[in-house]
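Please look over the sequence and the fold before reading on. The report below walks through some places in the model, one after another.

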Amino acid sequence: MSTTEADARRWEDRSVALRITPMALLGGRHAVRVLERNILVYRRSWIFIVSGFFEPLFYLLSIGVGLSHLVGPIAVNGRLVPYTAFVAPGLLAASAMNGAMLDSTFLVFMKLKIAKTYDAMLATPLAVGDIAVGELSWCVLRGGLYSGAFLCIMAVLGYVGSPWAIFCWPGAILITLAFAAVGMAGTTFMRSWQDFDIVSLAFIPLFLFSATFYPLTVFPGWLQAVVRCTPLYQGVVIERAADLGIFAWSLLLHVVYLSAMAVGGVMVTRRRLGRLLLP
């Protein structure tokens, strides 16, 4: 058998395994190598990671120093909470979304289209699923660090509503996971840097119409229905409920929504990367 035929057979076997094995569906056992690679790369660029911790500080300080003196308490499930305690968990959810989308869109596009990093990875025992889940793991890791810092700053500034706020951290990680998976999936369809204008255009309404800064009840009835279907709103509800210690069975629906986003995003990413990278 010639070298060309052997290479073609190897790629065919890899593609078949990628489609039929449960391990490949989850990303494979080598996904941790992609995560390790990202950690080693950013070890020399730690300043870019540390700088991300200042964003929540500026957000929370601006709310506490400025808007909190202009807006009175907000009613949440029959109880009045300070405006800062109302907004802070919503900003935590928005921060998790922004951090996830930054890594899963711009950086993934650079590795996919410009640096051709994934082509080099596929020359090793790594499979497409390993790349998808490995990159997603890196997004979640950074999102977890930022979310933990955000929560600590909330506690220091006195914006935490109850001891149950500790559950805001896993909630933020779920938000990061969901948006990172969808962001990676969308990035595989992008053809040039101009396509990122669409990402920015999607961010603005998601952020403004997510009940982060004001209760859902201030919207007209038809707009309330639209907001309830948006992904960031699901995260805001989870974070606010955890921060204030207000739990209900309906929260499971929001968790399922974000979990479905994560699973669907990984599946689409894996399939699209296979089409773009495998001959």
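This is a predicted model: local features need pLDDT of at least 70, side-chain atom pairs count only at pLDDT 80 or more; totals for chains, interfaces and linings use all residues.

Residues are numbered from 1 along each chain as its sequence is written, and side-chain values use heavy atoms, with hydrogens and water left out.

## Spaces in the model

Rolling a probe the size of a water molecule over the atoms shows where empty space is left. The search uses a 1 Å grid over the protein atoms alone: a cavity is a set of points where a 1.4 Å probe fits but cannot get out, a pocket is an open set with protein on both sides within 12 Å along at least five of seven lines, and lining residues have an atom within 4 Å of a point. Grid points are joined across faces, edges and corners, and a volume is the space filled by probe spheres set on the points.

The largest pocket has a volume of about 540 Å³. It is lined by 21 residues, of which Val76, Asn77, Tyr233, Val237 and Arg240 are the closest to its centre. Two or more lining residues come from each of strand S1 (74–76), helix H12 (231–244) and helix H13 (251–277), where helices (H or I, at least four residues) and strands (E, at least two) are DSSP runs numbered from the N terminus. Helix H12 gives the largest share of this lining, 6 residues.

The structure also holds 3 cavities of 30 Å³ or more, and the largest cavity has a volume of about 40 Å³. Its lining consists of Leu92, Ser95, Ala96, Gly99, Gly143, Tyr146, Ser147 and Phe150, and the elements that give two or more residues to this lining are H6 and helix H8 (128–156).

The table sets out both linings by class, where Ala, Val, Leu, Ile, Met, Phe, Trp, Tyr, Cys and Pro count as nonpolar, Asp, Glu, Lys and Arg as charged, and the others, Gly among them, as polar.

| Space | Nonpolar | Polar | Charged |
|---|---|---|---|
| Largest cavity | 4 residues | 4 residues | no residues |

## One face of a helix

Which residues of helix H11 are buried? In this helix (residues 221–228) they are Leu223, Gln224 and Val227, where buried means under 20% relative accessible area, exposed over 50%, and partly exposed in between (1.4 Å probe, protein chains only). Seen down the axis of H11, these buried residues fall within an arc of 105°, so they line one face of the helix; the arc is that of the directions from the helix axis to the C-beta atoms. The face of H11 turned away from the buried side carries the exposed residues Gly221 and Trp222. What covers the buried residues of H11 includes H12, with contact meaning heavy atoms within 4.5 Å.

## Salt bridges

A salt bridge is a side-chain nitrogen of Lys or Arg within 4 Å of a carboxyl oxygen of Asp or Glu, and by this rule the count comes to 2 salt bridges.

One of them joins the side chains of Glu36 and Arg33, at 3.0 Å from N to O. Both residues lie in helix H3 (residues 31–43), 3 residues apart, about one turn of the helix. An α-helix has 3.6 residues a turn, so residues three or four places apart point the same way. Glu36 counts as partly exposed at 36% relative accessibility, whereas Arg33, at 51%, counts as exposed.

Lys111 forms a salt bridge with Glu135, and their closest N and O atoms are 3.0 Å apart. This pair links distant parts of the chain, with Lys111 in helix H6 and Glu135 in helix H8, 24 residues apart. Both Lys111 and Glu135 are buried.

## Single residues

Thr176 has its place in helix H9 (residues 168–187) and counts as buried because its relative accessibility is 0%. Leaving aside residues up to four places away in sequence, Thr176 touches Ala96, Ala100, Cys139, Val140, Gly143 and Ser147.

Asn98 is in helix H6 (residues 83–114) and is partly exposed, with a relative accessible area of 22%. Asn98 and Phe179 are 81 residues apart in sequence, and their C-alpha atoms are 8.6 Å apart in space.

Lys116 has a phi near 55°, a positive value in a residue other than glycine. Lys116 lies in the loop between H6 and helix H7 (117–121) and is partly exposed, with a relative accessible area of 43%.
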